Amino acid sequence: MKLSVYFTAQGLTQGDVAERPVLVIDVLRTTTTIVTALANGAKAVLPAETTADAIQLVNNLKRDDILLTGEQGYHLIEGFHCGNSPLEMTPEVVKDKTLVMATTNGSRALVAAQHGGPVFRCAHRRRQPASPTAHNNHIIRGSHQQTLLRVVPSRPVNMAVRYS
């Protein structure tokens with residue numbers, strides 16, 4: 001098995017992940033916030049690379065059920081409904097809503113990984129189920145001739161990936 005690890009999404013190209021399984025790990029917030037929002041009833045979470053991209057996406061969708069969420073440089077973005085904290089993703093706030101999210105690192109990693117297939121979003125609260133899910137779906141399997149999994153954390157981290 002060949003495993004490629006990218007410590008940030010910076011410089012990651014569509015060809016790096018095209019049609020390959022991708023595991024995005026954001027150890028600070030973005031993926032934990034996404035998992036929490038979905039668990040609390042959000043319809044979907046759409047990542048955007050920049051604040052401007054998020055605003056443009058909302059304007060293009062022209063729907064009333066959308067919340068702008070995110071942060072830049074660890075600060076709430078002016079005009080956004082919510083920040084990037086799982087604590088803000090309560091059922092009262094996110095139920096039946098589509099979230100458009102722009103963050104300093106995590107949403108950029110998800111946008112960079114979007115051409116992979118499938119893309120797994122891993123959060124600390126999902127750390128245990130992510131690997132068995134990938135394994136049970138035959139995403140991770142032994143091969144010496146082909147890259148089967150790309151790992152794209154959104155921030156530099158000390159990490160280990162084990163396959164057994």
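Predicted model: local features only at pLDDT ≥ 70, side-chain atom pairs only at ≥ 80, totals over all residues.
Biologist: What makes up the secondary structure of the protein chain?

Modeller: The protein chain has six helices and eight strands. Starting at the N terminus, their sequence is β-α-β-α-β-α-β-β-α-β-α-β-α-β.

Biologist: How do you know that strand 4 and strand 6 pair, and in which sense?

Modeller: Pairing requires at least two bridges between the strands. Strand 4 (residues 66-72) and strand 6 (residues 98-102) share five bridges, in the parallel sense, so they pass that cut-off. Among the bridge partners are Ile66 with Thr98 and Thr69 with Met101.

Biologist: What makes strand 4 and strand 5 count as paired?

Modeller: Two bridges join them, and the cut-off is at least two, so the pair qualifies. The two strands run antiparallel. One of the bridges links Gln72 to His75. Strand 4 and strand 5 form a hairpin, with two residues between them.

Biologist: Which strands stand at the edges of the sheet, and why?

Modeller: The sheet is open, has four strands in the order 3-6-4-5, and its pairing is mixed. Strand 3 (44-48) and strand 5 (75-76) are the edge strands because each has a single partner strand, which leaves one side of each without a neighbour in the sheet.

Biologist: Why is strand 4 described as largely enclosed?

Modeller: Six of its seven residues are buried, so the rest of the structure largely encloses strand 4.

Biologist: What lies across the sheet strands?

Modeller: Helix 5 (residues 106-113) lies across strand 3, strand 4 and strand 6. Helix 5 runs at about 90° to strand 3.

Biologist: Is Gly73 buried, exposed or partly exposed, and how do you know that?

Modeller: The relative accessibility of Gly73 is 36%. Buried means under 20% and exposed means over 50%, so Gly73, lying in between, is called partly exposed. Gly73 sits in the loop between strand 4 and strand 5, and its phi is positive, about 60°.

Biologist: How far is Gly73 from Thr104, in sequence and in space?

Modeller: They are 31 residues apart in sequence, while their C-alpha atoms are 6.0 Å apart.

Biologist: Why is Thr36 called buried?

Modeller: Thr36 has a relative accessibility of 7%. Thr36 belongs to helix 2 (residues 30-39).

Biologist: What makes the approach of Thr36 to Thr32 a polar contact?

Modeller: A polar atom of the Thr36 side chain is 2.8 Å from the backbone oxygen of Thr32.

Biologist: What makes helix 2 mostly covered?

Modeller: Eight of its ten residues are buried. Including Thr36, they are Thr30, Thr31, Thr32, Thr33, Ile34, Val35 and Ala37. The buried residues of helix 2 pack against strand 2 (22-25), strand 3, helix 4 (91-94), strand 6, helix 5 and strand 7 (119-122). After helix 2 comes Gly41, with a positive phi near 105°.

Biologist: What do the totals say about the protein chain?

Modeller: Of its 164 residues, 43% are buried. Among contacts with a separation of 6 or more, 78% join residues 24 or more positions apart. The accessible surface is about 9100 Å², and carbon and sulfur atoms account for 50% of that surface.

Terms used. Residues numbered from 1 in each chain as written. Heavy atoms only, no water. Contact = heavy atoms within 4.5 Å. Axes fitted to C-alpha atoms, helices over the stretch in contact; angles between N-to-C directions. Buried < 20%, exposed > 50% of the residue type's maximum accessible area, 1.4 Å probe, protein only. Polar contact = N/O pair within 3.5 Å; in protein donor to acceptor, adjacent residues only side chain to side chain. Areas by Shrake-Rupley, 256 points an atom, 1.4 Å probe, with all protein chains shown as cover.
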